[in-house]
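This report accompanies the model shown below. Please keep the sequence and the structure in view while reading.

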Amino acid sequence: MTAMIDITDAGKTFTMHLQGGIELPVVRGVTFRVNPGECVVLSGPSGAGKSSILKMIFGNYRCDSGRIGIRHPGQVVDLATAEPRQVLNIRRSTIGYVSQFLRAVPRVASIDVVAEPLIVNGMSRTDAQARAGELLHRLNIPERLWQLPPATFSGGEQQRVNIARGFISDLPILLLDEPTASLDAVNRAVVVELVAEKKRQGVAMVAIVHDDEIRHLIADRIVDVTSFAAAA
Amino acid sequence: MNAPAYNFAYLDEQTKRMIRRAILKAIAIPGYQVPFASREMPMPYGWGTGGVQVTAAILGPADVLKVIDQGSDDTTNAISIRKFFAKTAGVATTTATDEATVIQTRHRIPETALRAHQVLVYQVPIPEPLRFLEPRETETRRMHALAEYGLMHVKLYEDIARFGHIATAYAYPVKVNARYVMDPSPTPKFDNPKMDNCPALQLFGAGREKRIYAIPPYTQVVSLDFEDHPFEPYRFNAPCALCGAENSYLDEIVTDDKGGRMFVCSDTDYCEGRQAAGHHGSLSAAPYKEKAQEAANG
Amino acid sequence: MADQNLLENDEPLLVARSLSKSFGRINACRDVSFSLYPGEVLAIVGESGSGKSTLLQMLSGQLAPSAGQVSYRMRDGVTRDLASLGEAERRFLFRTDWGFVHQDPAQGLRMAVSAGANVGERLMAVGWNHYGRIRDTASDWLTRVEIDTARIDDAPRTYSGGMRQRLQIARNLVTEPRLVFMDEPTGGLDVSVQARLLDLLRSLVAELNLAVVIVTHDLAVARLLSHRVMVMKGGRVIETGLTDQVLDDPREPYTQLLVSSILPP
């Protein structure tokens with residue numbers, strides 16, 4: 001089976017020019033693969049570089065070395081060296097990212113925030129909103145809130161809108177950064193269900209989860225990032 | 001009369017040559033505004049200094065001059081310009097459109113159809129049709145050069161948006177020879193169709209703005225409009241009270257302070273000609289109004 | 001359909017090659033090169049005097065470069081050097097396939113002319129000659145930029161700043177341009193008004209698949225609207241990349257300074 005994500009010897013260092021140019025090595029020698037239908041959970045203490053690895057796979061952080069192979073329709077693209085346009089393309093049709101915090105435009109209704117990834121990929125607004133509604137419903141966001149912008153919501157509600165937005169599209173790779181962090185037990189269970197569904201659809205996932213119970217429920221494999229920690 | 005104190009037609013020969021060159025260029029590029037070195041004239045701006053200079057430059061001793069102001073031969077402005085040329089050029093003057101070779105006009109085109117070899121000289125206050133929407137001269141010149149005339153329709157659009165129809169009643173913009181958009185000077189739009197394919201040469205002079213432009217004989221002149229709001233010449237829906245004319249341009253004259261009014265031809269020569277030929281309107285025997293009313297009552 | 005799109009998108013719309021501009025001994029802009037593709041939003045960020053406005057003027061054909069070249073793929077598919085276009089062609093391009101949104105709406109609008117005519121002008125300029133259709137289209141665009149159509153006959157001088165800016169956008173977009181230049185479009189607006197405008201711009205850009213070159217000193221605007229960022233300093237492009245890359249992982253000292261200067265939300 002061909003891996004969806006194939007990372008070889010990737011490394012990242014921050015150079016802090018405003019602090020006299022000190023170098024902050026984040027990770028090095030990152031090497032692992034993720035197959036379709038598999039959920040890999042990154043583990044390790046805070047500051048070990050879990051989030052940074054996730055951001056490198058999304059192309060948000062630029063790699064200094066190594067290779068991040070992503071299976072993008074018909075070919076494997078090295079995200080570490082891809083052109084910005086290609087990275088955007090990959091994000092549109094291959095990699096989804098559920099961040100810790102929702103970053104949305106202030107005035108957009110929640111239902112549209114959730115539906116947007118589908119509309120961008122060409123689905124009609126009504127169809128996209130129908131699917132968004134289903135997801136919001138499953139995540140227990142009451143319908144009366146759908147037309148409101150999420151900026152007015154509580155932290156937990158915002159996070160659920162964020163999850164709905166992340167899970168709505170049919171992308172073959174999904175990156176999850178603490179998806180259950182501020183959720184109650186009921187909604188955590190919904191997320192576990194959603195992850196299971198994605199696996200059945202053959203989606204490759206990389207997740208960061210602090211909750212041991214959730215990690216146990218969703219992880220097919222655990223990659224300990226301590227071994228990638230760059231010695232300072 | 002000590003005519004020799006003036007050069008023929010007041011202006012010196014150098015100036016006339018300069019103006020003639022501008023006129024020739026204007027005729028060569030129909031509708032294009034040619035800049036010229038406008039002179040100070042012995043009359044204030046706004047009283048026809050541009051038209052007078054054009055007339056002075058083209059007048060010959062054999063010409064017969066007619067001057068009208070809003071169609072009338074007998075207003076102050078018309079009389080003084082006529083006298084001015086009678087004195088400085090010694091040319092014959094007339095009030096009859098038919099007899100004139102050069103007609104200087106302010107705000108009207110005579111009702112009597114113009115003939116070949118006649119010249120109509122318009123007095124123009126503001127020659128630039130785009131001016132009220134685009135204040136920069138550099139920009140309006142460029143727009144003419146590139147035939148960018150969308151702005152002209154903006155003005156017509158505004159009219160319709162505000163009044164429900166194209167309310168511009170005078171100085172109604174035209175396109176000359178399918179190229180330049182031109183301001184026909186503040187003539188009523190009723191006169192616009194007369195400019196099209198006219199056998200006479202039409203010259204326009206703007207003294208303060210220092211521009212001359214022209215429509216050569218038999219040139220296409222089209223009034224701008226919209227498909228769904230076509231150009232319509234406007235006139236009061238009444239016959240002339242004096243000559244009964246049904247298709248001449250009318251002036252509204254207020255006759256008392258109780259809302260009384262009458263409509264009469266603005267072209268006095270035309271109206272008098274019709275009356276002389278026996279045409280009558282409802283008030284044609286004005287001095288004998290009482291009698292006419294008696295007759296009507298009896 | 002998708003393939004067609006891909007093909008179309010595969011060729012850049014606007015290409016800048018080694019653009020430089022000097023004013024006497026001052027090099028306002030040095031050796032700038034990039035390609036812009038259909039539907040792509042490029043933000044040029046930097047502080048006053050960094051050369052971003054000079055660059056925008058060269059890109060939009062309003063200023064001749066001292067060296068280098070800008071080429072544009074016209075609607076007929078032929079890529080032309082801007083310098084080779086005649087003035088008539090350039091101006092035609094400017095009011096059909098391009099838009100330019102000024103920071104000050106008064107520069108981009110006719111303040112004394114009604115909103116409807118402001119939007120309709122570009123249509124009339126390309127020969128639309130049916131009042132009813134022009135008005136319907138203008139009214140449609142006012143709705144799209146969230147201006148009450150009851151205000152269609154009011155002149156923009158009676159509008160608020162935010163409305164004026166939205167009207168300017170409608171006026172630019174009515175001919176369905178493929179490329180829009182924006183010079184600090186949200187500058188000078190209240191924060192709440194800015195947010196609404198950004199939101200509107202974002203959805204219009206996505207809906208119409210517009211390519212945009214936006215000059216801004218506001219990194220939040222760049223983050224919200226743009227796919228890619230070019231950071232300029234002293235007339236040079238010092239860093240370029242995907243917007244979130246540059247803003248979340250800035251490499252150059254100056255970019256790090258810019259990013260660290262943003263107040264936390």
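## Basis and confidence

This is a predicted model, in which local features need pLDDT of at least 70 and side-chain atom pairs count only at pLDDT 80 or more, while totals for chains, interfaces and linings use all residues. Residues are numbered from 1 along each chain as its sequence is written, and chains are lettered from A and ligands numbered from 1 in the order in which they are written.

The pLDDT is the predictor's confidence in each residue, from 0 to 100. For chain B its mean is 91, with 94% of the residues at 70 or more. In residues 286-292 of chain B, however, the pLDDT falls below 50, and this stretch has two contacts in the model beyond near neighbours in sequence. Where pLDDT is low, the predicted coordinates should not be read in detail.

## Contacts between chains

Two residues are in contact if their C-beta atoms, placed from the backbone, lie within 7 Å. Two pairs of chains touch, and the pair B and C has the most contacts. Chains A and B do not touch, their nearest C-alpha atoms being 34 Å apart.

## Chain C and chain B

To this contact chain C contributes 18 residues and chain B 16 residues. Helices and strands are DSSP runs numbered from the N terminus (helices: H or I, at least four residues; strands: E, at least two). On chain C, α3 (87-96), α5 (115-125) and α6 (131-144) each supply at least two residues of the side that touches chain B. The largest share of that side, six residues, belongs to α5(C).

Residue classes are assigned as follows: Ala, Val, Leu, Ile, Met, Phe, Trp, Tyr, Cys and Pro are nonpolar; Asp, Glu, Lys and Arg are charged; the others, Gly among them, are polar. The side of chain C that touches chain B comprises seven nonpolar, six polar and five charged residues.

## Domains of chain B

Domain bounds come from an automatic or database domain assignment. In chain B this gives domain 1 (3-223) and domain 2 (250-297). The C-alpha centres of domain 1 and domain 2 of chain B are 31 Å apart. Between them, 12 residues of domain 1 of chain B are in contact with five residues of domain 2 of chain B. The side of domain 1 of chain B that touches domain 2 of chain B has two nonpolar, six polar and four charged residues.
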